[in-house]
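Subject: Handover of a structure and its findings

Dear colleague,

Please find below the structure that I am handing over to you. I would be grateful if you could read the notes after it with the structure open beside them.

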Amino acid sequence: GIVGGECTMISGCGDQGFRLFAELRDCRMLCEVPTELESALAVWRSVGTDDYVYVYDPDCSACIPLYSSPRTVRVWGDEVTFVRFADDELNFEDVPPRLFDETPTIMDLFDKIQDAIDGDAFVVRVEYNETYGYPQEIYIDYDGNKDDAERYSTMLIEAVENPQKALDVAKANWKSNGMPDHYDYTFQRICFCPVERTQPMVVHVKNNGINAVSSADTGVLVSNDSSFDVPTIEELFQMIQNAIDQNYFIVEATYDNVTGMPTTIYIDEDFRIADEEVAIYASELREPHTSPCNNEFCESDEFCCNPSCSICAPIDGGRCVKLFCTPPERSP
(Lines give C-alpha, C1' and ligand atoms only; values in the text may rest on other atoms or scores of the structure.)
Protein backbone atom coordinates (compact mmCIF):
# COMPACT_ATOMS: atom_id res chain seq x y z
CA GLY A 1 0.00 0.00 0.00
CA ILE A 2 0.99 3.66 0.16
CA VAL A 3 2.98 4.58 3.26
CA GLY A 4 4.14 8.17 3.59
CA GLY A 5 3.83 8.76 -0.14
CA GLU A 6 5.97 5.74 -0.98
CA CYS A 7 5.06 2.28 -2.16
CA THR A 8 5.82 -0.48 0.27
CA MET A 9 6.73 -3.99 -0.89
CA ILE A 10 3.70 -6.10 -1.73
CA SER A 11 4.21 -9.84 -1.55
CA GLY A 12 4.61 -11.47 -4.96
CA CYS A 13 5.05 -8.22 -6.88
CA GLY A 14 8.83 -8.13 -7.05
CA ASP A 15 10.56 -4.81 -7.63
CA GLN A 16 7.42 -3.39 -9.21
CA GLY A 17 5.92 -3.24 -5.73
CA PHE A 18 8.07 -0.19 -5.06
CA ARG A 19 6.59 1.85 -7.95
CA LEU A 20 4.47 4.85 -7.04
CA PHE A 21 2.05 6.41 -9.49
CA ALA A 22 1.31 9.81 -7.98
CA GLU A 23 -1.64 10.44 -10.29
CA LEU A 24 -3.27 7.13 -9.45
CA ARG A 25 -2.25 6.96 -5.78
CA ASP A 26 -2.39 3.18 -6.18
CA CYS A 27 0.62 0.97 -5.65
CA ARG A 28 -1.38 -2.05 -6.77
CA MET A 29 -1.67 -0.96 -10.40
CA LEU A 30 1.33 -2.95 -11.60
CA CYS A 31 1.50 -5.34 -8.66
CA GLU A 32 -1.79 -7.03 -9.41
CA VAL A 33 -1.51 -7.17 -13.21
CA PRO A 34 1.14 -9.92 -13.42
CA THR A 35 -0.84 -12.13 -11.03
CA GLU A 36 -4.06 -11.54 -12.97
CA LEU A 37 -2.22 -12.10 -16.25
CA GLU A 38 -0.87 -15.46 -15.17
CA SER A 39 -4.26 -16.58 -13.87
CA ALA A 40 -6.09 -15.43 -17.01
CA LEU A 41 -3.50 -17.04 -19.28
CA ALA A 42 -3.93 -20.34 -17.42
CA VAL A 43 -7.71 -20.14 -17.97
CA TRP A 44 -7.25 -19.38 -21.68
CA ARG A 45 -4.85 -22.28 -22.11
CA SER A 46 -7.27 -24.59 -20.31
CA VAL A 47 -9.85 -23.82 -22.99
CA GLY A 48 -7.45 -25.57 -25.33
CA THR A 49 -8.28 -23.90 -28.64
CA ASP A 50 -5.94 -22.40 -31.21
CA ASP A 51 -8.80 -21.99 -33.68
CA TYR A 52 -11.35 -19.21 -33.12
CA VAL A 53 -12.97 -16.05 -34.46
CA TYR A 54 -12.94 -12.81 -32.49
CA VAL A 55 -13.50 -9.07 -32.91
CA TYR A 56 -10.45 -6.87 -32.37
CA ASP A 57 -11.10 -3.18 -31.74
CA PRO A 58 -7.92 -1.11 -31.30
CA ASP A 59 -8.00 2.54 -30.22
CA CYS A 60 -4.62 4.05 -30.87
CA SER A 61 -4.36 7.80 -30.37
CA ALA A 62 -1.28 7.99 -32.60
CA CYS A 63 -2.75 5.86 -35.43
CA ILE A 64 -4.72 6.86 -38.51
CA PRO A 65 -8.46 6.03 -38.28
CA LEU A 66 -8.19 3.05 -40.62
CA TYR A 67 -5.77 1.29 -38.27
CA SER A 68 -8.07 1.96 -35.31
CA SER A 69 -11.09 0.36 -36.97
CA PRO A 70 -12.67 -2.78 -35.46
CA ARG A 71 -12.07 -5.95 -37.43
CA THR A 72 -13.19 -9.55 -37.43
CA VAL A 73 -10.24 -11.92 -37.06
CA ARG A 74 -10.08 -15.65 -37.76
CA VAL A 75 -7.27 -17.60 -36.13
CA TRP A 76 -6.29 -21.13 -37.15
CA GLY A 77 -3.41 -22.94 -35.48
CA ASP A 78 -2.75 -19.79 -33.43
CA GLU A 79 -2.06 -17.85 -36.63
CA VAL A 80 -4.19 -15.09 -38.12
CA THR A 81 -5.63 -16.40 -41.38
CA PHE A 82 -8.45 -13.95 -42.13
CA VAL A 83 -9.10 -10.29 -41.30
CA ARG A 84 -12.05 -8.18 -42.37
CA PHE A 85 -13.28 -4.82 -41.14
CA ALA A 86 -16.26 -5.24 -38.82
CA ASP A 87 -17.65 -1.88 -39.93
CA ASP A 88 -19.78 -2.34 -43.06
CA GLU A 89 -18.95 1.20 -44.17
CA LEU A 90 -15.30 0.19 -44.64
CA ASN A 91 -16.06 -1.86 -47.71
CA PHE A 92 -12.47 -2.50 -48.79
CA GLU A 93 -11.75 -5.31 -51.20
CA ASP A 94 -8.82 -6.42 -49.04
CA VAL A 95 -7.43 -5.43 -45.68
CA PRO A 96 -4.10 -3.62 -46.20
CA PRO A 97 -1.20 -6.10 -45.85
CA ARG A 98 0.43 -4.12 -43.05
CA LEU A 99 -2.80 -4.06 -41.06
CA PHE A 100 -3.23 -7.80 -41.63
CA ASP A 101 0.30 -8.46 -40.40
CA GLU A 102 -0.20 -6.31 -37.30
CA THR A 103 -3.50 -7.91 -36.29
CA PRO A 104 -2.81 -10.00 -33.17
CA THR A 105 -3.99 -13.37 -31.95
CA ILE A 106 -5.23 -13.68 -28.38
CA MET A 107 -1.80 -15.00 -27.39
CA ASP A 108 -0.20 -11.95 -29.02
CA LEU A 109 -2.34 -9.75 -26.76
CA PHE A 110 -1.14 -11.64 -23.70
CA ASP A 111 2.44 -11.03 -24.90
CA LYS A 112 1.71 -7.33 -25.41
CA ILE A 113 0.49 -7.04 -21.82
CA GLN A 114 3.54 -8.88 -20.51
CA ASP A 115 5.88 -6.68 -22.56
CA ALA A 116 4.21 -3.56 -21.16
CA ILE A 117 4.69 -4.86 -17.63
CA ASP A 118 8.30 -5.85 -18.25
CA GLY A 119 8.97 -2.48 -19.87
CA ASP A 120 7.65 -0.56 -16.85
CA ALA A 121 4.81 1.06 -18.76
CA PHE A 122 3.27 3.98 -16.87
CA VAL A 123 -0.17 2.33 -16.72
CA VAL A 124 -1.24 -1.20 -17.53
CA ARG A 125 -4.91 -1.88 -16.93
CA VAL A 126 -6.56 -5.08 -18.14
CA GLU A 127 -9.99 -6.67 -17.79
CA TYR A 128 -10.09 -10.41 -18.47
CA ASN A 129 -13.06 -12.50 -19.52
CA GLU A 130 -14.17 -14.49 -16.50
CA THR A 131 -15.14 -17.61 -18.48
CA TYR A 132 -12.37 -17.92 -21.06
CA GLY A 133 -9.60 -15.77 -19.62
CA TYR A 134 -8.80 -13.74 -22.74
CA PRO A 135 -8.15 -9.99 -22.28
CA GLN A 136 -11.30 -8.15 -23.31
CA GLU A 137 -10.32 -4.62 -22.30
CA ILE A 138 -6.71 -3.41 -22.38
CA TYR A 139 -5.35 0.05 -21.58
CA ILE A 140 -1.61 0.70 -21.83
CA ASP A 141 0.06 4.08 -21.32
CA TYR A 142 3.76 3.65 -21.93
CA ASP A 143 4.81 7.11 -20.82
CA GLY A 144 2.68 9.43 -18.72
CA ASN A 145 4.32 12.46 -20.33
CA LYS A 146 3.50 11.42 -23.91
CA ASP A 147 0.31 10.95 -25.87
CA ASP A 148 0.98 7.27 -26.54
CA ALA A 149 -1.86 5.51 -24.73
CA GLU A 150 -3.36 2.46 -26.45
CA ARG A 151 -6.73 0.82 -25.83
CA TYR A 152 -7.87 -2.55 -27.15
CA SER A 153 -11.24 -4.23 -26.88
CA THR A 154 -11.83 -7.83 -27.88
CA MET A 155 -14.83 -10.12 -28.08
CA LEU A 156 -14.59 -13.84 -28.72
CA ILE A 157 -17.26 -14.83 -31.22
CA GLU A 158 -16.74 -18.58 -31.27
CA ALA A 159 -14.20 -21.32 -31.14
CA VAL A 160 -14.07 -23.03 -34.51
CA GLU A 161 -12.65 -26.28 -35.73
CA ASN A 162 -9.60 -25.89 -37.91
CA PRO A 163 -10.81 -27.28 -41.26
CA GLN A 164 -7.32 -28.33 -42.33
CA LYS A 165 -6.88 -30.57 -39.30
CA ALA A 166 -10.30 -32.17 -39.79
CA LEU A 167 -9.68 -32.61 -43.53
CA ASP A 168 -6.32 -34.30 -42.96
CA VAL A 169 -7.87 -36.76 -40.50
CA ALA A 170 -10.77 -37.54 -42.86
CA LYS A 171 -8.46 -38.12 -45.84
CA ALA A 172 -6.36 -40.46 -43.72
CA ASN A 173 -9.52 -42.42 -42.83
CA TRP A 174 -10.55 -42.53 -46.49
CA LYS A 175 -7.12 -43.81 -47.43
CA SER A 176 -7.05 -46.41 -44.65
CA ASN A 177 -10.38 -47.77 -45.92
CA GLY A 178 -8.89 -48.57 -49.31
CA MET A 179 -10.17 -45.61 -51.35
CA PRO A 180 -12.54 -47.60 -53.62
CA ASP A 181 -12.30 -47.08 -57.38
CA HIS A 182 -15.92 -48.10 -58.00
CA TYR A 183 -18.81 -46.92 -55.83
CA ASP A 184 -22.16 -45.15 -55.77
CA TYR A 185 -23.16 -42.35 -53.42
CA THR A 186 -25.99 -39.84 -53.04
CA PHE A 187 -25.14 -36.20 -53.68
CA GLN A 188 -27.05 -32.94 -53.36
CA ARG A 189 -25.92 -29.37 -53.88
CA ILE A 190 -27.77 -26.42 -52.31
CA CYS A 191 -27.00 -23.12 -54.00
CA PHE A 192 -28.49 -20.30 -56.02
CA CYS A 193 -28.37 -22.49 -59.12
CA PRO A 194 -30.75 -23.89 -61.75
CA VAL A 195 -33.15 -26.44 -60.26
CA GLU A 196 -31.61 -29.35 -62.15
CA ARG A 197 -28.33 -28.77 -60.31
CA THR A 198 -29.90 -28.88 -56.84
CA GLN A 199 -31.86 -32.14 -57.13
CA PRO A 200 -30.58 -35.13 -55.15
CA MET A 201 -28.64 -37.47 -57.41
CA VAL A 202 -26.93 -40.84 -57.28
CA VAL A 203 -23.37 -40.53 -58.52
CA HIS A 204 -21.95 -43.67 -60.13
CA VAL A 205 -18.15 -43.73 -59.97
CA LYS A 206 -16.03 -46.13 -61.99
CA ASN A 207 -12.21 -46.11 -62.07
CA ASN A 208 -12.30 -42.94 -59.93
CA GLY A 209 -14.25 -41.06 -62.60
CA ILE A 210 -17.90 -40.21 -63.10
CA ASN A 211 -19.53 -43.05 -65.00
CA ALA A 212 -23.12 -41.85 -64.78
CA VAL A 213 -25.55 -39.74 -62.77
CA SER A 214 -29.13 -40.72 -61.99
CA SER A 215 -31.98 -39.11 -60.10
CA ALA A 216 -32.11 -40.19 -56.47
CA ASP A 217 -35.90 -39.79 -56.52
CA THR A 218 -36.85 -41.58 -59.74
CA GLY A 219 -33.77 -43.59 -60.67
CA VAL A 220 -33.90 -42.13 -64.19
CA LEU A 221 -30.52 -41.63 -65.81
CA VAL A 222 -29.61 -37.95 -65.88
CA SER A 223 -26.24 -38.22 -67.57
CA ASN A 224 -24.00 -41.06 -68.68
CA ASP A 225 -20.74 -39.11 -68.50
CA SER A 226 -18.98 -36.49 -66.36
CA SER A 227 -20.57 -33.47 -68.05
CA PHE A 228 -23.23 -32.98 -65.37
CA ASP A 229 -20.79 -31.30 -62.95
CA VAL A 230 -20.93 -33.64 -59.99
CA PRO A 231 -17.84 -34.64 -58.00
CA THR A 232 -16.28 -37.89 -56.95
CA ILE A 233 -15.41 -38.28 -53.26
CA GLU A 234 -11.79 -37.40 -54.08
CA GLU A 235 -13.03 -34.22 -55.77
CA LEU A 236 -15.06 -33.34 -52.66
CA PHE A 237 -11.84 -33.51 -50.64
CA GLN A 238 -10.14 -31.30 -53.22
CA MET A 239 -13.02 -28.79 -53.14
CA ILE A 240 -12.52 -28.36 -49.39
CA GLN A 241 -8.75 -28.08 -49.77
CA ASN A 242 -9.08 -25.42 -52.46
CA ALA A 243 -11.40 -23.36 -50.25
CA ILE A 244 -8.90 -23.58 -47.37
CA ASP A 245 -5.96 -22.69 -49.61
CA GLN A 246 -7.81 -19.68 -51.04
CA ASN A 247 -8.67 -18.53 -47.51
CA TYR A 248 -12.43 -18.39 -48.01
CA PHE A 249 -14.43 -16.71 -45.26
CA ILE A 250 -16.23 -19.87 -44.12
CA VAL A 251 -15.08 -23.42 -44.74
CA GLU A 252 -17.04 -25.97 -42.74
CA ALA A 253 -17.22 -29.71 -43.27
CA THR A 254 -18.25 -32.85 -41.44
CA TYR A 255 -17.03 -36.33 -42.22
CA ASP A 256 -18.13 -39.92 -41.75
CA ASN A 257 -16.31 -41.28 -38.70
CA VAL A 258 -15.62 -44.63 -40.36
CA THR A 259 -14.98 -43.96 -44.05
CA GLY A 260 -13.82 -40.34 -43.81
CA MET A 261 -16.16 -39.35 -46.64
CA PRO A 262 -17.30 -35.69 -46.46
CA THR A 263 -20.97 -35.72 -45.45
CA THR A 264 -21.67 -31.97 -45.31
CA ILE A 265 -19.75 -29.05 -46.78
CA TYR A 266 -20.52 -25.36 -46.45
CA ILE A 267 -18.40 -22.77 -48.21
CA ASP A 268 -18.82 -18.99 -48.19
CA GLU A 269 -16.16 -17.39 -50.33
CA ASP A 270 -16.65 -13.81 -49.15
CA PHE A 271 -19.08 -12.51 -46.54
CA ARG A 272 -19.57 -9.31 -48.55
CA ILE A 273 -20.91 -11.17 -51.59
CA ALA A 274 -24.48 -12.44 -51.52
CA ASP A 275 -25.72 -15.74 -52.93
CA GLU A 276 -22.33 -17.31 -53.70
CA GLU A 277 -22.54 -19.71 -50.76
CA VAL A 278 -22.81 -23.42 -51.49
CA ALA A 279 -23.80 -26.35 -49.30
CA ILE A 280 -23.22 -29.97 -50.25
CA TYR A 281 -24.64 -33.14 -48.75
CA ALA A 282 -23.15 -36.55 -49.45
CA SER A 283 -24.44 -39.85 -48.07
CA GLU A 284 -25.14 -43.53 -48.68
CA LEU A 285 -21.72 -44.56 -49.93
CA ARG A 286 -22.13 -48.07 -51.31
CA GLU A 287 -20.79 -50.61 -53.74
CA PRO A 288 -22.21 -50.18 -57.25
CA HIS A 289 -25.11 -52.56 -57.89
CA THR A 290 -26.04 -51.25 -61.29
CA SER A 291 -24.28 -49.90 -64.35
CA PRO A 292 -25.72 -47.40 -66.82
CA CYS A 293 -26.88 -48.47 -70.26
CA ASN A 294 -27.92 -45.32 -72.08
CA ASN A 295 -31.34 -44.53 -70.54
CA GLU A 296 -31.50 -47.63 -68.30
CA PHE A 297 -29.40 -49.43 -65.71
CA CYS A 298 -28.19 -52.99 -65.83
CA GLU A 299 -28.18 -55.12 -62.68
CA SER A 300 -24.96 -56.49 -61.19
CA ASP A 301 -25.44 -59.83 -63.05
CA GLU A 302 -26.07 -58.09 -66.40
CA PHE A 303 -24.10 -56.16 -68.95
CA CYS A 304 -25.06 -53.47 -71.41
CA CYS A 305 -25.05 -55.33 -74.69
CA ASN A 306 -26.67 -52.62 -76.81
CA PRO A 307 -26.25 -49.09 -75.44
CA SER A 308 -28.11 -47.45 -78.31
CA CYS A 309 -31.22 -49.43 -77.39
CA SER A 310 -30.59 -49.47 -73.62
CA ILE A 311 -30.61 -53.29 -73.64
CA CYS A 312 -29.08 -55.38 -70.86
CA ALA A 313 -28.28 -59.08 -71.07
CA PRO A 314 -27.19 -61.70 -68.49
CA ILE A 315 -23.44 -61.83 -67.98
CA ASP A 316 -23.59 -65.62 -67.87
CA GLY A 317 -24.41 -66.66 -71.44
CA GLY A 318 -26.55 -63.69 -72.29
CA ARG A 319 -26.81 -62.01 -75.66
CA CYS A 320 -28.69 -59.14 -77.21
CA VAL A 321 -32.10 -59.95 -78.61
CA LYS A 322 -32.43 -56.68 -80.48
CA LEU A 323 -29.94 -55.13 -82.83
CA PHE A 324 -31.83 -52.01 -83.84
CA CYS A 325 -33.96 -49.72 -81.71
CA THR A 326 -36.04 -48.75 -84.71
CA PRO A 327 -36.38 -50.40 -88.14
CA PRO A 328 -33.39 -49.45 -90.28
CA GLU A 329 -34.08 -46.97 -93.03
CA ARG A 330 -34.03 -48.53 -96.48
CA SER A 331 -32.32 -46.79 -99.32
CA PRO A 332 -34.71 -45.71 -102.08
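The structure is a predicted model, in which local features need pLDDT of at least 70 and side-chain atom pairs count only at pLDDT 80 or more, whereas totals for chains, interfaces and linings use all residues. Residues are numbered from 1 along each chain as its sequence is written, and side-chain values use heavy atoms, with hydrogens and water left out.

Strand pairing

I begin with strand E3, which covers residues 52-60. Helices (H or I, at least four residues) and strands (E, at least two) are DSSP runs, numbered from the N terminus. Of the 9 residues of E3, 7 are buried; buried means under 20% relative accessible area, exposed means over 50%, and partly exposed lies in between (1.4 Å probe, protein chains only).

E3 pairs with strand E8 (residues 150-159) in the antiparallel sense, over 9 bridges. Two strands are said to pair if DSSP finds at least two bridges between them. E8 in turn pairs with E7 in the antiparallel sense over 4 bridges, and one of the residues concerned is Tyr-139, whose bridge partner in E8 is Arg-151.

Salt bridges

Side chains of opposite charge can pair when their charged atoms come close. How many salt bridges does a search of the whole structure find? The search finds 3, a salt bridge being a side-chain nitrogen of Lys or Arg within 4 Å of a carboxyl oxygen of Asp or Glu.

One of them links the side chains of Asp-51 and Lys-165, at 3.6 Å from N to O. Asp-51 lies in the loop between helix H1 (28-47) and E3, and Lys-165 in helix H4 (residues 163-176), so the pair ties together parts that are 114 residues apart in sequence. Asp-51 is buried, with a relative accessible area of 7%, whereas Lys-165 is partly exposed at 46%.

Another salt bridge joins Glu-102 to Arg-98, with the closest N and O atoms 2.9 Å apart. Both residues belong to helix H2 (residues 97-102) and are 4 residues apart, about one turn of the helix. Glu-102 counts as partly exposed, with a relative accessible area of 43%, while Arg-98 is exposed at 56%.

There is also a salt bridge between Arg-286 and Glu-284, where the closest N and O atoms are 3.7 Å apart. Arg-286 is partly exposed, at 28% relative accessible area, and Glu-284 is exposed, at 53%.

A patch of negative charge

Asp-57, Asp-59, Glu-127, Glu-130 and Glu-137 gather on the surface in a patch of negative charge. Patches are made of residues with over 30% relative accessible area and no salt bridge; like charges are joined within 9 Å, and nonpolar side chains (Val, Leu, Ile, Met, Phe, Trp, Tyr) within 5 Å. Accessible areas come from the Shrake-Rupley method with a 1.4 Å probe, and for residues only the protein chains shown count as cover. Lys and Arg count as positive and Asp and Glu as negative, without His and the chain ends; the place of a charge is taken as NZ of Lys, CZ of Arg, CG of Asp or CD of Glu.

A cysteine pair

Cys-293 is part of strand E16 (residues 290-293) and is buried, with a relative accessible area of 0%. From C-alpha to C-alpha, Cys-293 and Cys-312 are 7.3 Å apart in space, and 19 residues separate them in sequence.

Positive phi angles

Asp-120 is not a glycine, yet its phi is positive, at about 55°. Asp-120 is placed in the loop between helix H3 (106-118) and E6 and is partly exposed, at 41% relative accessibility. Asn-247, also a residue other than glycine, has a positive phi near 60°. Asn-247 lies in the loop between helix H5 (233-245) and strand E13 (250-255) and is partly exposed, at 28%.

With kind regards
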